[in-house]
Amino acid sequence: MARNAPPRWDRKMQQRLARGEAAALGELYDRFASLVHSQAHRMLDDETAADLVTREVFGYVWENPDAYDPKQGSMRSWVARLTHRQSVRRLREEADGLRDGTDGTDEHSGAASPDDLEERVRRATAAARADYIVASMPAPLRAALELAYVQRRDYRQTATDLGVTEDEARRRLRLGLQLLSTAHTRPLEGSSPPGYGRPL
């Protein structure tokens, strides 16, 4: 899976992109396009805007492969950060347009206020951080959370499904929830590291 891509794959992908291999961009797109589109759609709540962000993110990656530093994290994390930044930029532009009265579209005349859009940015940032945490946590914790909160299993059923003791199932759920609780109190991991390439 993409989230478990080895660092060697990330480095080779960057090298191929830097050489201008169109096939590398296609492979990267196949691997991460659904991640980019779903994250952008969740943040923007607009299919057309999510399509546009997806094109912008992969266009940026194609034009700036050297902006990715494998020492800063995985290619997947970098692409997710680019998506987050571009989506936030679009939300802020929408908020600025409402403040200035320059939005210019009828469909937004009764839309959310600038304050509402700022709240969407905050919620979207927390959601992006939660996605990052879930994708980065050890597989046993992720599996326990999925069983308990997606498939609605109680801790006894979770223990049975995972083949572990009830105490171990409770421990995994507790640790997973503790990690997720930081999504609302900390910024997105590496959201703007110094010197990490030009912004989108």
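Tutor: Let us begin with Arg152, which comes just after H6 and takes a positive phi of about 60°. The model is predicted, and local features need pLDDT of at least 70 and side-chain atom pairs 80 or more, while totals for chains, interfaces and linings use all residues. Residues are numbered from 1 along each chain as its sequence is written, and side-chain values use heavy atoms, with hydrogens and water left out.

Student: Why is arginine 152 called exposed?

Tutor: Exposed means over 50% relative accessible area, buried means under 20%, and partly exposed lies in between, with a 1.4 Å probe and protein chains only. Arginine 152 has 67% relative accessibility, and therefore it counts as exposed. Its place is in the loop between H6 and helix H7 (155–162).

Student: And why does aspartate 45 count as exposed?

Tutor: Its relative accessibility is 61%, so aspartate 45 is placed with the exposed residues. Aspartate 45 lies in the loop between H2 and H3, and it has a positive phi of about 55° although it is not a glycine.

Student: Does arginine 172 count as buried or exposed, and why?

Tutor: Arginine 172 counts as buried, because its relative accessibility is 15%. Arginine 172 sits in helix H8 (residues 166–181).

Student: With which residues is arginine 172 in contact, leaving aside its neighbours within four places in sequence?

Tutor: Contact means heavy atoms within 4.5 Å, and by that rule arginine 172 touches Pro140, Leu141, Ala144, Leu162 and Val164. Alanine 144 is 28 residues away along the chain, yet its C-alpha atom and that of arginine 172 are separated by 6.4 Å.

Student: What makes a group of residues a nonpolar core?

Tutor: The members must be buried Ala, Val, Leu, Ile, Met, Phe, Trp, Tyr or Cys residues, joined through side-chain atoms within 4.5 Å. The largest such core has 32 residues, and those with the most contacts inside it are Met13, Leu28, Phe32, Met75, Trp78 and Val79. Its largest share, nine residues, comes from H2. Apart from it lies another core of eight residues, among them Ala144 and Leu145. In soluble globular proteins, nonpolar side chains tend to be buried together.

Student: Which residues is leucine 28 in contact with, leaving aside its neighbours within four places in sequence?

Tutor: They are Trp9, Met13, Leu17, Ala33, Phe58, Val61 and Met75.

Student: At what angle do H2 and H3 pack?

Tutor: Axes are lines fitted to C-alpha atoms, for helices over the stretch in contact, and angles run from 0 to 180 degrees between N-to-C directions. On that scale H2 and H3 pack at about 145°, with their axes 8 Å apart. Residues making the contact include Leu28 and Phe32 of H2 and Phe58 and Val61 of H3.

Notes:
Helix = DSSP H or I, 4+ residues; strand = E, 2+ residues; numbered from the N terminus.
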